[in-house]
Amino acid sequence: MNTLLMSLTIMIMTHEMPKLPYANNALEPVISQQTIDYHYGKHLQTYVNNLNNLVPGTEYENKALTAIVATAPDGAIFNNAGQVLNHTLYFLQFSPNPSQKEPAGKLAEAIERDFGSFENFKKEFNAAAVGLFGSGWAWLSVDKNGKLHITKEANGSNPVRSGMTPLLGFDVWEHAYYLDYQNKRADHINALWSIIDWEAVEKRMK
């Protein structure tokens, strides 16, 4: 299990905001400071606060974040835990100056094997993200056999629910892009590829 998921796995009782590895304005013009201020600073903070208020006194108070998402029934605890996990992975997958424009190493090999090429993978991933009805997420994940999958997850769900490890996620809730792109979800999705930290994504496979 990668280091980030391990850290999420050992959290007990108090769930915390992830620390951004970049300034709030560093992802402009792809993601504006205003969007980061609201999306990270307000939406994610609310999910963290809600989760910390909901789990005390329940069977989930001593469970890791990933375990809560994997096992909790639909409801407030699951919804907030899912969004804390989703957004933590989301915000930590970006860089204002990625060292790689495409995946390399093990991840690149797996994409080539399972999707034919990186360009074909991008087309399939874009189609999933743009085509998801309503609010939710598009995810690239790896299963226990090392095979890659693209899934559409409604609302706050996450591939850990299906026993997979999430690698790359695009948030298609309107709060992720509406201040910058209004209703042009496809433009937002296309722009995100330029700020993906592929080294961070590949480390999630380990």
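Asn155 is partly exposed, with a relative accessible area of 41%, where partly exposed denotes the range between buried (under 20%) and exposed (over 50%), computed with a 1.4 Å probe on protein chains only. This residue of the predicted model lies in the loop between β2 (148-154) and β3 (165-171), and its phi is near 55 degrees, a positive value in a residue other than glycine. Gln182, in the loop between α7 (178-181) and α8 (185-192), likewise has a positive phi, of about 50 degrees, and is partly exposed at 40%. Helices (H or I, at least four residues) and strands (E, at least two) are DSSP runs numbered from the N terminus.

Residues are numbered from 1 along each chain as its sequence is written. Local features need pLDDT of at least 70 and side-chain atom pairs pLDDT 80 or more, whereas totals for chains, interfaces and linings use all residues, and side-chain values use heavy atoms, without hydrogens and water.

Of the 16 residues of α4 (residues 76-91), 14 are buried, so this helix is largely enclosed by the rest of the structure. Helix α2 (residues 33-54) packs against α4 at about 140 degrees, with the axes 9 Å apart; axes are lines fitted to C-alpha atoms over the stretch in contact, and angles run from 0 to 180 degrees between N-to-C directions. The contact (heavy atoms within 4.5 Å) includes Tyr40 and Leu44 of α2 and Asn80 and Val84 of α4.

In the loop between α1 (3-9) and α2, the peptide bond from Glu28 to Pro29 is cis, with omega near 5 degrees.

Methods
Expected span 1.5 Å × (residues − 1).
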